[in-house]
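I open this notebook to record what I looked up in one structure. The entries follow the order in which I consulted it.

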Amino acid sequence: MTARKEEVTFTNGQLVTIGNTLAAFKLKGRASLGRTWLINHLEDLNKQFNADQLATQKNFFKTDEAGDFIYQANSIINPNRN
């Protein structure tokens, strides 16, 4: 018997929640291995999403020579805002 292949779609903001939910399940054997693989894959996707988000933010906010954001009064300085 072969397994059916299903496709599930969700947003990047849901990666952590889905991973935490999967980790809470009590599974045995192959199901546990599949869950672990999926959680690791979701972690990799979340790391990539966070890196892309940071790169995009650096295009729109001022950074110093080290690439860190410049803060003023607890907020990031946006050079596009007057």
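Is serine 32 buried or exposed? I found serine 32 to be buried, with a relative accessible area of 18%; buried means under 20% relative accessible area and exposed over 50%, with partly exposed in between (1.4 Å probe, protein chains only).

I note that this is a predicted model, in which local features need pLDDT of at least 70 and side-chain atom pairs count only at pLDDT 80 or more, while totals for chains, interfaces and linings use all residues. Residues are numbered from 1 along each chain as its sequence is written, and side-chain values use heavy atoms, with hydrogens and water left out.

I placed serine 32 in helix α2, residues 30–60. Helices (H or I, at least four residues) and strands (E, at least two) are DSSP runs, numbered from the N terminus. I also found a polar contact of 3.3 Å between the side chains of serine 32 and arginine 35. Such a contact is a pair of N or O atoms within 3.5 Å; within protein, one must be able to donate a hydrogen and the other to accept it, and residues adjacent in sequence count only if both atoms are side-chain atoms.

I then turned to the chain. It holds 2 helices and 2 strands, in the sequence pattern α-α-β-β. Of its 82 residues, 12% are buried.

Lastly, I examined helix α1, residues 15–24, where Leu15, Gly19 and Leu22 are buried. The buried residues of α1 fall within an arc of 65° seen down its axis, so they line one face of the helix; the arc is that of the directions from the helix axis to the C-beta atoms. On the other side of α1, I found Thr17, Asn20 and Ala24 exposed.
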